[in-house]
Amino acid sequence: MQAAVAEVRSARVHTAVVEYAATIAAATRQHGDLRYGASPRGSIALVRAAQAVAATYGRPFVTVDDIKEVAHPVLDHRLILTPDAELRQRRPRTSSASSNEIRGFFLW
């Protein structure tokens, strides 16, 4: 098990990819329909999950697409809607083909 964890964590993460994950987490904290967004630990979780995805694909590095792939499952439970957004039954959309939509957390 420790060897598997070490293998996943060995996937290189470029500074730009880390900044992308941090930008996504920060955007959740500023979104008007969210009472609570992702904490800094949420951005760390994004990077760690993306490392696992990269390892699954056999890549020694993480891409922005890996971050996009894990954004929804990693962040969804960390986001708390405002009461108004709950009444409107709106959920933040974190899985999207467009990085602008992910960073902006458009709603479905």
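Modeller: What follows goes through the salt bridges and then turns briefly to a helix.

This is a predicted model, in which local features need pLDDT of at least 70 and side-chain atom pairs count only at pLDDT 80 or more, while totals for chains, interfaces and linings use all residues. Residues are numbered from 1 along each chain as its sequence is written, and side-chain values use heavy atoms, with hydrogens and water left out.

The structure holds two salt bridges (a side-chain nitrogen of Lys or Arg within 4 Å of a carboxyl oxygen of Asp or Glu). One of them joins the side chains of Arg-59 and Asp-66, at 2.8 Å from N to O. Asp-66 is buried, with a relative accessible area of 1%, whereas Arg-59 is partly exposed at 22% (buried means under 20% relative accessible area, exposed over 50%, and partly exposed in between, with a 1.4 Å probe and protein chains only).

The other pairs Lys-68 with Asp-65, whose closest N and O atoms are 3.7 Å apart. These two residues lie three apart in helix 4 (residues 64-75), and are therefore separated by about one helical turn; helices are DSSP runs of H or I with at least four residues, numbered from the N terminus. An α-helix has 3.6 residues a turn, so residues three or four places apart point the same way. Lys-68, at 17% relative accessibility, counts as buried.

As for helix 3 (residues 40-56), its buried residues include Leu-46, Val-47 and Val-53, and the helix is followed by Gly-58, which has a positive phi near 75°.
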